[in-house]
Amino acid sequence: MEIINKLIDKSSLSALIERLNTSGKQVYAPVTKNGLCDFAKVESVQEIDFDSIATIQSAKSLVFPKVEKLLSYEKTYDDVIVKEVDLTKIPEVIAFAGRPCDAAGFIPLNAIFTSDSVDQIFKTRLDKLSIISISCKKADDFCFCTSVNGSPSNTSGSDILLTEISETTYYAEIITEKGKAILDAYADLFKDSAVVDKTPFVAKIDKQFSTEIINEKLKTLFESDIWDHQAMRCVGCGACAFVCPACGCFDIQDETKGKDGVRHRCWDSCGFKIFTMHTSGHNPREKQAQRWRQRIFHKFSYQPEQQQEFGCVGCGRCSRACPSDMNIAEHLKAIAVK
Amino acid sequence: MEEIKKIAKELLAENKVQLIVGFEKGSANKVRPAFFTKPEEIDQLIYNEYCIHNIALYLKKDICQKANNLAIIANPNVVRSILQLASENQIAEEKIKIIGISFEGKCVGLLDFKAAEEFSKTQPKGIKPEDKALIEKIQAMPLEERFNYWVEAFSPCIKCYACRASCPMCYCGKCNVETNNPQWIPVAPHKYGNLEWHMMRAMHLAGRCINCGECNRSCPVNIPLNILSYMLSDFILDEFDSEAGMNAVFTPALSVYTSVDKENFIK
Amino acid sequence: MNMEKNTIYSPYKMKIEKITEEAPFVKTFRLKFINDEDAENFSFRTGQFGEYSIFGEGETTFCIASSPTRKGYIECTFRQAGRVTKALANLDEGDIIGFRGPYGNIFPIDEWKGKNLVFIAGGIALPPMRSVIWNCLDLRENFKDITIIYGARSVADLVYKNELKEWEGRSDVNIVTTVDPGGETPEWTGKIGFVPTVLSEIAPSSENTIAIVCGPPIMIKFTFPVLEKLGFTDENVYTTLENRMKCGFGKCGRCNVGKVFVCKDGPVFSLKQLKELPAEY
């Protein structure tokens with residue numbers, strides 16, 4: 001669909017949030033609580049933190065929550081009753097005021113969950129999600145979206161992208177049919193507009209490398225000592241993977257209470273030692289350096305080959321969250337010049 | 001700073017150690033753990049007020065395990081961790097040289113375990129006023145409210161295990177949460193999965209935690225795990241007159257029974 | 001009641017029809033679909049695997065050890081090791097378990113028509129091989145000589161003892177069984193020695209021959225060079241990988257090795273394909 005150009009007054013956002021809520025949709029937006037900014041359910045525009053560079057966690061939990069029920073079961077004396085997930089109960093959700101990198105993150109995640117075979121739970125959640133993002137006015141030292149095919153005003157992944165062009169006004173790009181449905185429902189809040197050059201209104205983020213260079217370099221770097229070197233201070237936690245908008249690895253676990261139980265999936269990480277460990281104790285990726293290498297190869301070599309998507313959107317969340325300051329952009333830059 | 005560098009450089013130049021664990025400049029205004037093996041690399045070594053990570057963590061990681069001998073830039077938390085690790089037979093005195101740094105950031109030179117014990121006693125605990133205030137607030141809560149406070153506090157946990165991975169005392173080859181036969185702790189990061197995980201971890205650290213606060217600093221969702229540890233440490237000091245990280249030979253309170261132990265919990 | 005599964009995680013319910021004790025801690029389950037329509041709609045090909053579950057304990061991955069030519073049931077053989085397999089071992093005939101599958105690729109037996117086949121297996125790795133062996137024996141006319149070399153640590157550890165006897169009795173199968181030195185009993189009439197050694201003694205011709213190798217990593221490591229010496233090219237040697245898995249369809253990320261997922265692109269690989277992957281298995 002061709003992008004529709006509109007304007008929306010800042011003062012109209014309050015009405016938009018309220019009306020989305022009254023229409024039965026759940027609105028999630030960045031909210032700062034106890035000094036931490038993360039996506040949370042909001043009912044009014046006052047709750048939203050428009051100022052944060054990026055939330056601590058990505059928006060992925062809206063489609064890939066940290067715990068997701070896959071099925072439930074009830075054990076009887078001589079049988080098991082398996083109850084499937086009722087996909088019709090999955091709510092309609094609006095991801096509001098996230099960043100273009102949040103929106104872009106849904107693309108590689110979608111590739112993982114729907115290419116080859118379709119994960120219906122994920123797909124239903126994504127189908128019922130509309131994404132209204134806001135271009136970045138600011139960036140920090142960890143942002144590197146421009147090095148991984150993104151930008152502070154990138155439209156891909158968003159249904160509507162808002163860019164602040166004055167004290168009072170957002171330029172609104174209506175990008176998809178889902179975006180158009182929102183426009184149509186609340187047409188009175190939007191005004192017509194010509195195409196606006198967003199460049200003067202968004203952050204400038206220098207390009208440090210390209211995904212093509214990383215992809216090319218990785219072809220010869222599997223056995224390099226760079227992995228040992230880079231992973232030396234890695235403590236082996238899963239913070240990077242869990243805050244990453246594009247990491248989709250998971251575990252499946254049963255939990256029973258009495259005769260009832262639930263089988264659910266929860267986030268997992270290739271950085272954990274036990275991720276690949278066999279029951280026998282044999283571990284194909286024994287060392288942290290091998291696991292760090294897997295993380296980089298998966299995002300920049302395997303995933304592009306398997307699913308034609310790079311698994312990194314340059315949001316920098318992993319680097320901000322890392323307890324030992326593993327800075328992915330810095331490490332990728334080192335790979336690019338290796 | 002210059003003195004730290006001088007000592008570090010000499011240790012490497014004179015082949016007294018193979019490896020020095022310290023800090024270098026990190027991203028933005030951060031500092032990061034760094035590993036030095038050649039005297040000329042020491043120019044990159046830094047020490048400033050941001051160097052608060054408990055790098056004693058690395059003593060149990062491959063990089064330090066492989067070194068025959070090493071030195072570590074040790075603020076009071078690192079010193080206490082080393083003493084605690086030594087008391088648990090995890091590190092031998094002949095393998096490690098401690099470059100001591102006081103609470104104020106002053107280099108106190110090389111410390112053997114005896115000197116480290118003395119040093120440790122002179123250094124204040126790094127407990128912040130706001131932490132104290134929170135502890136008092138929690139202690140004033142009736143039991144049920146306190147329980148609910150913690151259930152709520154743990155609920156944002158995503159089970160990334162950064163707390164465990166950053167803790168020098170969490171060196172178990174296989175964490176209890178990784179055993180599944182039986183499954184003691186639910187894997188999923190839901191309300192009770194989180195509660196059980198953090199209670200289990202707190203109990204395993206009770207009497208061993210040296211209260212460096214790294215668990216809280218490393219937590220991406222900022223759960224006040226350090227507060228839980230402080231409270232347990234206080235309790236153990238009160239009940240058993242036992243304090244972790246003060247002696248290289250030490251038996252954690254919860255590992256022994258003595259006839260003078262209070263038995264007032266038996267009702 | 002037949003319900004279209006609304007998610008890919010929903011298992012079929014299967015009843016344990018028969019349990020066979022194969023070796024210490026090793027059992028074979030014969031499983032039947034509870035729902036007749038599921039049974040009718042289900043089909044698989046040799047080499048594929050499934051996720052077997054005990055509700056409350058979780059899922060575990062095994063190959064389907066029966067041949068697709070034997071209709072109406074599937075079989076799996078497992079050794080008690082982890083949480084789920086231990087719970088499985090405690091089940092009785094008539095109990096119900098979950099099954100998702102079939103997943104993964106297949107042994108390309110259509111391409112093997114008119115060739116000699118050498119099956120080389122060690123220990124508990126005979127099950128993935130048993131499916132393809134029976135599949136080939138049930139289509140015996142499609143193949144030339146069929147040789148089976150099977151070894152285990154001890155006589156007690158040999159699985160499918162009745163079938164081994166049956167194969168020994170067949171004139172159209174050349175079977176050699178062996179046990180590791182020290183694993184023999186006074187009655188043992190087979191060979192004594194490690195599988196790679198026995199393979200080099202027997203020295204099957206590589207001419208117009210496909211070799212299929214399944215076994216513990218150490219056996220595989222020493223078997224490949226022997227095959228190479230015998231003149232087998234990498235395209236004509238097949239094996240299966242057993243990386244840790246959860247989902248079975250290339251999403252959970254666990255079995256990712258290089259550009260493949262073992263669950264989706266494997267578990268069957270030719271040695272040629274294997275050599276193109278990083279050695280993370």
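**Domain and chain interfaces**

Me: Which residue forms a salt bridge with Asp138(C)?
Reply: The model is predicted: local features need pLDDT of at least 70, side-chain atom pairs count only at pLDDT 80 or more, and totals for chains, interfaces and linings use all residues. Side-chain values use heavy atoms, without hydrogens or water, residues are numbered from 1 along each chain as its sequence is written, and chains are lettered from A and ligands numbered from 1 in the order in which they are written. A salt bridge requires a side-chain nitrogen of Lys or Arg within 4 Å of a carboxyl oxygen of Asp or Glu. For Asp138(C), the closest N and O atoms are 2.8 Å apart, and the partner is Arg70(C).

Me: How many salt bridges does the rule find across the interface of domain 1 of chain C and domain 2 of chain C?
Reply: Chain C is divided into domain 1 (12-103) and domain 2 (116-240), with bounds from an automatic or database domain assignment. Across the interface of these domains, the number of salt bridges found is two.

Me: Which element gives the most to the side of domain 1 of chain C that touches domain 2 of chain C?
Reply: Strands are DSSP runs (E, at least two residues), numbered from the N terminus. Those giving two or more residues to this side are β1 (12-23), β2 (26-33) and β5 (74-79) of chain C. With four residues, the element that gives the most is β5(C).

Me: What area is buried between domain 1 of chain C and domain 2 of chain C?
Reply: Buried area is the accessible area (1.4 Å probe) that two parts lose on being put together, summed over both. Carbon and sulfur atoms give 51% of the area between these domains, and the total is about 1400 Å².

Me: Which residue of chain C meets Arg293(A) in a salt bridge?
Reply: Across the interface of chain C and chain A, the rule finds nine salt bridges. In the one made by the side chain of Arg293(A), the N to O distance is 3.2 Å, and the partner is Glu280(C).
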